[in-house]
Each structure stands twice: as structure tokens, then as C-alpha cells.
Amino acid sequence: MVRFASNIFVHVGRAFLAGCRAVGRISVFAAEGVSHLARPPFYFREFYQALLSIGFFSLPVVGLTAFFTGGALALQIYAGGSRFSAESAVPSIVAIGMARELGPVLCGLMVAGRVASSIAAELGTMRVTEQIDALVTLDTNPSKYLVAPRIAAATLAMPVLAGIGDIVGIFGGYVVGVSRLGFNPSSYLQTTTQFLETADVVSGLVKAAVFGFIVAVVGCYHGMNSERGAKGVGRATTNAVATSSVLIIATNFALTELFFAA
Amino acid sequence: MPPPAIQMTGVEKSFGANRVLRGVNLSVQRGRSLAIIGGSGTGKSVAVKCIIGLVEPDAGSIFLDGKDLSRTKGGFGSANYGMLFQGGALFDSMPVWQNVAFRLLRGSRGKEAALQIAIEKLARVGLSADVAHLYPSELSGGMLKRAGLARAIATDPEIIFFDEPTTGLDPIMASVINELIRGVVDEMGVTAVTITHDMASVRTIAHEVVMLNRGIVEWAGNVDDLGQSGNSAVEQFVNGNAEGPLTAAASRLPPAT
């Protein structure tokens, strides 16, 4: 019994230390990537390509997710609100919910699934095919060339994506509210803007920027440290999505606590 | 006599409990071509990665023209060198000409001048100008090696490394690549270091040979002396015999890498 208990402590201790090491390694990796953003040379072509890949090509998935989530939110709030005669709160709660929480979080998770995996797979393949070693022999710092542009692009693109997600989500709620729940179109729009404050929107956009940073750093970290072979790249991709998704959820809680705790 | 272009003294490198290099000493004079031979996992690639700075040695020193690289700003990056990787290692995201002109595009040269130089270098390795605008995924294995070689010589380097230049090629293409490398090395007068276990490559490309075995130098000498080395491990490797000291050692000990 004593041995069993001590084994548990050993395993927990090892897992804790491994977690601390991973956090330390990712922090150093992120700090190095960020430090390159302030020092020339700057790779604008790589930044532009990352911006296009992370931002523009994520628009369909983010837009569709936000639209259906806004619609479902309107239905849920209407059904729940009708129990205590609060159906009229649907437009404002949809707007506040999308701007503060669902817009950035859903956008972050969608981009984590699409972009963190893509970055990890691309850099992992570059690692195993010696393209990253080739960069070094061509007098180019891999972190500056591959990591820094992706961090900058994801951090800048995510607030824009989340903002668009907010608008589309609110529109999804509007479509459902007007077509299915019998709201008057003009009064729905009026109620939407009546209770939505600047702080709601800004806090959501700040969250989105942080999530973008997380997605890029985690994707790059797992890609750059990918093990050899198809299995290694596959594992890097899976780890990138899993790690960034969990970090987004956890960071969302921390930021919500920071912004809105009374 | 001038100091060697590259010299390794007592270089050691371990990955965990795996001692890959156990005190490697080798050198190559400027303008000479050195082949590092040995079986798979004997530390050839790690030795070259230590020279270039991709891997940091645990012990020992590496000198470039007599200067200790650990005390030289920028390490080996201060040298004008090129490298041909085993699989070419061309960047998938850009066309061949941008791969070849990668370093030039980041210098003061304009895009047009860089394109012109890339086409010239591609022509030097036997690739037509049409290939310049293709992507690496559209090239055959032999064309990838040629394009990789064009990139390695794009900045007229003084030192070139070749990592398994004929691996994965059919015998005819391997022979073509060997002749191409020899032509480029002779014409440019560069110092060359080639990692290979292809003896045809060694005899075509190299002036001198170093054989690594389990992380140490088993034999070093002139390429013409390979046949009379008097070393049973070298003889087994050169002749490709299944039985011999290398096989016996490999069956007794865990692999080096």
C-alpha cells in the first residue's frame, strides 16, 4: 500500500516536472520568436503569406461557425428566457455573448484546428527533410524566418477574424430571431446595439490576439521540434492542436477573470 | 605550410547515453577534396553538423583556417560555404530559381540579377532555364540533386559539403552527379567535404579519405591508398564484404546512432 502510494507520488512528480520543463521550453521559444520581431532583417514576404494563410483562408470556417453558433444561441436564450418572460433579452445577450466569449473562443479553437496543425505539419516536414538545416547553411536564422512572421501574422489576424466572427454570429442570431422567433427586424437591431459596450468588443479582440499568439507559438514549437518520419510529424500536428486548444480555454478563463471579475 | 581549411581535434558528441563521436581528429587542406566514409550510424553526418554548427560538440575543437570556431564571431557562418543535402532540402514553397538564389535575394542584388545568376548556376549543373520556374515537387530525384548543387554553388563558395550526394539515385544518374561534383570542385578550386558510403563517389570525387567507425577515425589516407590500407575494417567496407570486423563489432555493440 505504501509502495503504491509512493509510486503515485513519483508519477505525479515526474509529470509535474515534465510539465514545468515544457512550459519553460515553450516560453524560451516564444521569447526568441518575439525578440526577432524587433530586429532586422524582416521577412515581409513570409509575413504576408502567413497573414493570407492564417487570416484570409480561415474566414470561411470562422464565418460558418460563428453564424450557426449565433443562431443556436438565439434559440437557446429564447427557450430559456421564456421561462421567466425574458425573451426580449435575446438580441443583447447574443451580441454580448458573441463579442465577449463565443466570438474569440470559437475563432481561436477553429484557427487552432486549422492553423496550428498546418504550421506544425509544414515546419515538421521542413525539419525532417532538412530544410531547416538548409536555412542555417544559407545564413538565415530559422526562428527569424519561420517563427517570427507566423507569430506576427496570427496575433494581428485573429482580432480581425474574431471581429468578423462577432458580426456574423450576431447576424446569425438576427436571422433566427427574425425568421423563427418573430422579432421585429428594426427593434432586434436596436436592442442589439443598445446594451453592447465598447469594453465587450475590445476585451474579445484582445482575447483573440492572445489566442492567435498561442496558436502560432504552439504550432511553430511542435513543428520545429518534430521527431523524424511521418509518425513524428503526425504527433507534432496532434500535439499542436491539443496543446493550443487547451491553452486557449485556460487562457480564456484567466483573461475573463482579469477583465470582468468584480 | 598553411593551416588546414578545416580541422577537427578530439571532437566528442553524445545524444543522451549514445556516444556518437568519441574524439574525432581530421583535417582537410584548402583546395582539397575529403571524403568521410563509414557505415550507417558511424557519426559521419554528426561530424559535419558539428563543423557547420548545426550540432554543438561536447568536447574538442574545430578550426577554420587555423582559427578556433568557438572563439570566432558567427562560428562557421563566417565562412563562405555551401551544402548539398541528401534529399536536396529545397524549399517546397518557392520555385527552383528562388531556391538557388535564396542567399542572393537576401543580399543587395536585385531580383532580375538574382534570377540571371540562378539560371547560370542551373545551366552549370545541366538544368535548362525552364526548370527555374518549376517547384521542387515537380522535379525528379536527379534534378533535385542538381538543383541542390546549383544552390550550393550560387554564391561561389570556398568550401562545399556534400551529404550522401548519390543516395537514392540509379547508377547512371549517380555517375552523372559524381562527375558533375568533380567538375564543379575542380573548376572552382573549392575545398570539398563529402559524406558517403558509395565507393564510386569516393574514387571520383575525393583526394583524401577518412573512415569513421563507431565514432572514431578508423583510417585516414590518400584515396589511391584505399586498396592497400592494411586495415581489415577498411578492406571490408571498400569491398562490401558481409563478413569482417565491422559486422562482428556491429553484432556485439548497440548502434552508434
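## Reading strands, helices and a buried valine

Me: Where do I start in chain B? Which residue is the bridge partner of B:Met211?

Reply: B:Trp219 in β10(B) is the bridge partner of B:Met211. Keep in mind that this is a predicted model.

Me: In which sense do β9 and β10(B) pair, and over how many bridges?

Reply: Strand β9 of chain B, residues 208–213, pairs with β10(B) in the antiparallel sense. The pairing runs over six bridges.

Me: What is the order of the strands in the sheet?

Reply: Read β6-β7-β8-β3-β9-β10 in chain B. These six strands form an open sheet with mixed pairing. β6 (81–84) and β10 (216–222) of chain B each have a single partner strand, so one side of each lacks a neighbour in the sheet. On average, neighbouring strands are turned by 15° against each other, direction ignored.

Me: Which helix lies across β6 and β7 of chain B?

Reply: Helix α5 of chain B, residues 141–152. α5 runs at about 170° to β6(B).

Me: Against which helices do the buried residues of α3(A) pack?

Reply: Against α4 (90–128) and α6 (142–179) of chain A. The buried residues of α3(A) include A:Val62, A:Gly63, A:Leu73 and A:Gly81.

Me: How is a pair of packed helices described?

Reply: By the angle between the axes and the distance between the axes. Here α3(A) and α4(A) pack at about 145°, with axes 9 Å apart. Their crossing is right-handed.

Me: Which residues make the contact of α3(A) and α4(A)?

Reply: From α3(A), A:Val61, A:Thr65, A:Leu73 and A:Tyr78 are among them. From α4(A), the contact includes A:Ile93, A:Met98, A:Cys107 and A:Arg114. The contact residues divide into 16 nonpolar, three polar and one charged.

Me: Last case. Does A:Val218 count as buried or exposed, and why?

Reply: Compare relative accessibility with the cut-off: buried means under 20%. A:Val218 has 1%, so A:Val218 counts as buried. This residue lies in helix α8 of chain A, residues 198–224.

Me: What is A:Val218 in contact with, leaving aside neighbours within four places in sequence?

Reply: A:Ala240, A:Thr243, A:Ser244 and A:Leu247. For a sequence-to-space reading, take A:Val218 and A:Ala18: they are 200 residues apart in sequence and 17 Å apart in space, C-alpha to C-alpha.

Terms used
Residues are numbered from 1 along each chain as its sequence is written. Chains are lettered from A and ligands numbered from 1 in the order in which they are written. This is a predicted model: local features need pLDDT of at least 70, side-chain atom pairs count only at pLDDT 80 or more; totals for chains, interfaces and linings use all residues. Side-chain values use heavy atoms; hydrogens and water are left out. Two strands pair if DSSP finds at least two bridges between them. Helices (H or I, at least four residues) and strands (E, at least two) are DSSP runs, numbered from the N terminus. Axes are lines fitted to C-alpha atoms, for helices over the stretch in contact, and angles run from 0 to 180 degrees between N-to-C directions. Contact means heavy atoms within 4.5 Å. Buried means under 20% relative accessible area, exposed over 50%, partly exposed in between (1.4 Å probe, protein chains only). A crossing is left-handed if the near helix is turned anticlockwise from the far one by less than a right angle, and right-handed if clockwise. Ala, Val, Leu, Ile, Met, Phe, Trp, Tyr, Cys and Pro count as nonpolar, Asp, Glu, Lys and Arg as charged, and the others, Gly among them, as polar.
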